[in-house]
Amino acid sequence: MTTTDIIGDGLGDDVAVSGAAAWRRAATTTDLGVLSGVRVLDLSRVLAGPYTAQILADHGAEVIKVEGPAGDETRGWGPPFEDDGNSSAYYQGLNRSKENICLDLRSPHGRDVLAQLLSGADVVIENFKAGTMSRWGFDYETVLADRHPRMIYCRITGFGVDGPMGGLPGYDAVLQSFGGLMSVNGYPDGNPLRVGVPIVDVMAANLAVSGILLAMLERERSGRGQLVDMTLLDSVISLLHPHAANWISGGVTPKRTGDFHPTVVPYQVFAARDGDFFVSAANDRQFRSLVEVLGVPQLADDARFLTNGDRSRHRVELATLLQEQIALHDRADLARRLEQAGVAASSVNTVAEALTSAQVRHRGLFVDSDEYRGVGIPISLSRSGHRPPRTAVSRGAHTDEILVAMGYDPERVASLRAAGVLGNR
């Protein structure tokens, strides 16, 4: 997939340009993860695409992120802001461990550079509005698949590029609404609620990573890349368990149940003496252990609560009885006693409490060092390590280095910059 072309654009002398050379570290990095040496071109913005690329970077892939002159709009999604005010914490959380080049892809000269970057990429990730890459002459199906047969091309859209809603833009909350997720989130007597994190985008990113890795595995057998066609719609529909399965089986439209589980009782939040406390007793043994710890063992033999089906039919009565007992306990002590009894339970922690908890720190899920401060890497492999996280950089931080590595001489880089191709004149 490595090509070298002679490009003349009127902005300087003709130069030999190597697309693969853009990834200056890919050929020399080792022991940074199972994807060391893989070259990923991140053409995406906002969340699902950048998070996909970040996961690949975490496991050793060399990722070059291309930003337009205005930058990824999430740089402005604050406060808080970091990097001397050049980017938000939101952006930082999705773009660590990447190289960054600024290109105006509206410019023919910017697209010339893009063509060379594409020629060296193993994996391309983009979430442009449907048809954008085709309009620029980089349609995957009709151009790139033939030109770069080993390329794995991940396209992330809201609803797909065809069908009744093909080409429509997609946003996390819109898909939570359209895809049915919002209808089952919230309390029965309240409004449908958006899940408090961008769960559809996050799920789409993880599914996209799975698709890319599957395509890489298949490429080892066939020698050919393929399209990974990921949509936010696919993501949200995949999240609907057990509600989708229940509707398919029983035909009853699921309703909002607040913090209740639709089929498991008890499985909800109660008010302890010092704050909110979640309890799950998912089977009869756990329920018996729960009521024994709470000092009301007779409830386990009450005809209303013998089985999960019984408890479901008498959900409100049971919740009232359990609330009376849980209100007498402090959260930490009750959690410890229930854990010892084999009952899943936890304080409802704030984000700060969760990140600073002893177990989260033990798992390396919150990194707080001189080099990096942020959420850690959530995938652990027994033999293969991962790249130590690097803080996200400013827009265009590596533009000159990447272009020079590709064969552009400094004078030509200066000409491109003066013409606005690199984002600032």
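The legends below describe close-up views of a predicted model.

Residues are numbered from 1 along each chain as its sequence is written. In this predicted model, local features need pLDDT of at least 70, side-chain atom pairs count only at pLDDT 80 or more, and totals for chains, interfaces and linings use all residues, while side-chain values use heavy atoms, with hydrogens and water left out.

**View 1. Confidence along the protein chain.** The average pLDDT (the predictor's confidence in each residue, from 0 to 100) is 92 for the protein chain, and 96% of the residues score at least 70. Over residues 1–14, pLDDT stays under 50. For this stretch the model has 45 contacts (heavy atoms within 4.5 Å) beyond four places in sequence. Where pLDDT is low, the predicted coordinates should not be read in detail.

View 2. Strands here are DSSP runs of E with at least two residues, and helices are DSSP runs of H or I with at least four residues; both are numbered from the N terminus. The strand order in this sheet is 7-4-3-8-9-10, and the pairing is parallel. Two strands pair if DSSP finds at least two bridges between them. Strand 7 (99–102) and strand 10 (227–231) are the edge strands, each pairing on one side only. From one strand to the next, the twist averages 20°. Strand 4 (residues 62–67) runs parallel to strand 7 and is joined to it by 4 bridges. Lys 65 stands opposite Asn 100 in strand 7.

View 3. Strand 12 (residues 275–280) and strand 13 run antiparallel and are joined by 4 bridges. Phe 277 has Ser 347 of strand 13 as its bridge partner.

**View 4. Helix 1 against helix 7.** Axes are lines fitted to C-alpha atoms, for helices over the stretch in contact, and angles run from 0 to 180 degrees between N-to-C directions. The axes of helix 1 (residues 48–58) and helix 7 (residues 199–222) come within 8 Å and cross at roughly 50°. Helix 1 and helix 7 are therefore oblique to each other. Angles under 35 degrees count as roughly parallel, over 145 as roughly antiparallel, 65 to 115 as roughly perpendicular and the rest as oblique. The crossing of helix 1 and helix 7 is right-handed; in a right-handed crossing the near helix is turned clockwise from the far one by less than a right angle, and in a left-handed one anticlockwise. Helix 1 makes the contact through Ala 48, Tyr 51, Thr 52, Ile 55 and Leu 56, and the residues of helix 7 include Asp 201, Val 202 and Ile 212. By class, the contact of helix 1 with helix 7 has 10 nonpolar, 2 polar and 1 charged residues. Ala, Val, Leu, Ile, Met, Phe, Trp, Tyr, Cys and Pro count as nonpolar, Asp, Glu, Lys and Arg as charged, and the others, Gly among them, as polar.

View 5. Helix 16 (residues 399–406) and helix 17 (residues 410–418) have axes that come within 10 Å and cross at roughly 130°. That makes helix 16 oblique to helix 17. The crossing is right-handed. Thr 399, Asp 400, Leu 403 and Val 404 of helix 16 make the contact with Val 413, Leu 416 and Arg 417 of helix 17. The axis of helix 3 (residues 108–120) comes within 12 Å of that of helix 16, and the two cross at roughly 70°. Helix 3 and helix 16 are therefore roughly perpendicular to each other, and their crossing is left-handed. Here Val 113, Gln 116 and Leu 117 in helix 3 meet Ile 402, Leu 403 and Met 406 in helix 16.

View 6. The peptide bond from Gly 78 to Pro 79 is cis, with omega near 10°. Pro 79 is in the loop between strand 4 and strand 5 (81–82). Val 46, in the loop between strand 3 (39–42) and helix 1, has a positive phi of about 70° although it is not a glycine. A cis peptide bond also runs from Val 265 to Pro 266, with omega near -5°. Pro 266 is found in the loop between helix 9 (243–250) and strand 11.
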